[in-house]
Amino acid sequence: MTAQVKYDEVEEGAALPAQTYKVDRVDLVKYAGASGDFNPIHWRESFAKSVGLPDVIAHGMFTMAQAGRYVTDWLGDPGVIVDFGVRFSGMVVVPDDVGNELEIRGVVEKKLGDNLIVLALTTRVQGEKVLTRAKATVRLA
Amino acid sequence: MPINRDYIGRSFPPTDPYEVSRVKIGEFADAIGDPNPVYHDRAAAQASGHPDVVAPPTFPIVFTMGDTGSALTSPDLGINFAMVVHGEQRFVYERPLYAGDTVVCESTITDIRSAGRNELLTVETEVKTVDGEHICTAYNSLVERAGAT
């Protein structure tokens, strides 16, 4: 259980490579099944629109999971995350025909002691932030 | 309608034990589109120093969300779930969650307050194995839109 990234080789302020993750309706259907969250705003367009939403929206936890994947892909090992939190600040609208795309970026915000660092993450859809205060504290090698 | 402040500090009984299975972890990882072998292959997880397949960081939502939901359905609490959206989520991990763990959740409503026209409710959930080993703590903030009006 060891990160592939070494604490001594990481500088405060360093940017991680940006990544994009596609989200389509089928992803939301699969996520509903796997997570047990069957709220119809995430899969039934007529219902989503009837409660004032522009269209079907992604589960907040699906978006958080993509931010988590961004961190664990960089780390190599998901077992070294010690703290991971987000605020859901915007909707991820998922149109039937084209879906949408999450663009995730990360910066090494702080080096703590004991090989721990804090990553600050930004997640945008069509240029708008959908997660704020997204941070992961991870233990590097 | 405001959420009933009498519920601040209210704890709920431990949940029934939840068995974390390799199949469920694999299904969840597939659903988030993550092919990381430590989520799918026991040998790969063991080669990385884990005892078994690892659960993705947000996996605990599978059993903590349902627990939170059922703890909050009392009509006396006064939440209109049609207006609820997820405000914030945080996990603080003592160790990774593995296939083979059997966990119980204990939830406490730690805060209820208004923010503008909305009502905010925060639930803290301790996730432990049935043997009492602490695995993680989940913090879940729900927003009831227009609840304060």
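Chain B contains four helices and five strands, where helices (H or I, at least four residues) and strands (E, at least two) are DSSP runs numbered from the N terminus. This is a predicted model, in which local features need pLDDT of at least 70 and side-chain atom pairs count only at pLDDT 80 or more, while totals for chains, interfaces and linings use all residues. Residues are numbered from 1 along each chain as its sequence is written, with chains lettered from A and ligands numbered from 1 in the order in which they are written.

Going along the sequence, the elements of chain B come as β-α-α-α-α-β-β-β-β. The C-alpha trace of chain B covers about 55 × 30 × 20 Å along its principal axes. Of its 149 residues, 38% are buried (20 or more other C-beta atoms within 10 Å of the residue's own; exposed means 12 or fewer, partly exposed in between; C-beta atoms are placed from the backbone). Of the contacts in chain B with a separation of 6 or more, 72% link residues 24 or more positions apart, a contact being two C-beta atoms, placed from the backbone, within 7 Å.

Helix α1 of chain B takes in residues 22–31, and its buried residues are B:Ile25, B:Phe28, B:Ala29 and B:Ala31. Viewed down the axis of α1(B), these fall within an arc of 160 degrees, so they line one face of the helix; the arc is taken over the directions from the helix axis to the C-beta atoms. After α1(B) comes B:Gly33, with a positive phi near 75 degrees.

Now for the sheet. Ten strands form an open sheet in the order β1(A)-β3(A)-β4(A)-β5(A)-β2(A)-β2(B)-β5(B)-β4(B)-β3(B)-β1(B), with antiparallel pairing; two strands pair if DSSP finds at least two bridges between them. At the edges stand β1 (15–23) of chain A and β1 (18–19) of chain B, each with a single partner strand, so one side of each has no neighbour in the sheet. Within chain A, β3 (residues 100–111) and β4 (residues 116–125) pair antiparallel over eight bridges, and A:Gly106 has A:Leu121 in β4(A) as its bridge partner.

Between the chains, β2 (residues 81–88) of chain A and β2(B) run antiparallel, joined by five bridges. Here A:Arg87 sits opposite B:Glu88 in β2(B). Overall, 29 residues of chain B are in contact with 31 residues of chain A. On the chain B side, α1, α4 (61–71) and β2 (84–93) each supply at least two residues, and β2(B) gives the largest share, eight residues.
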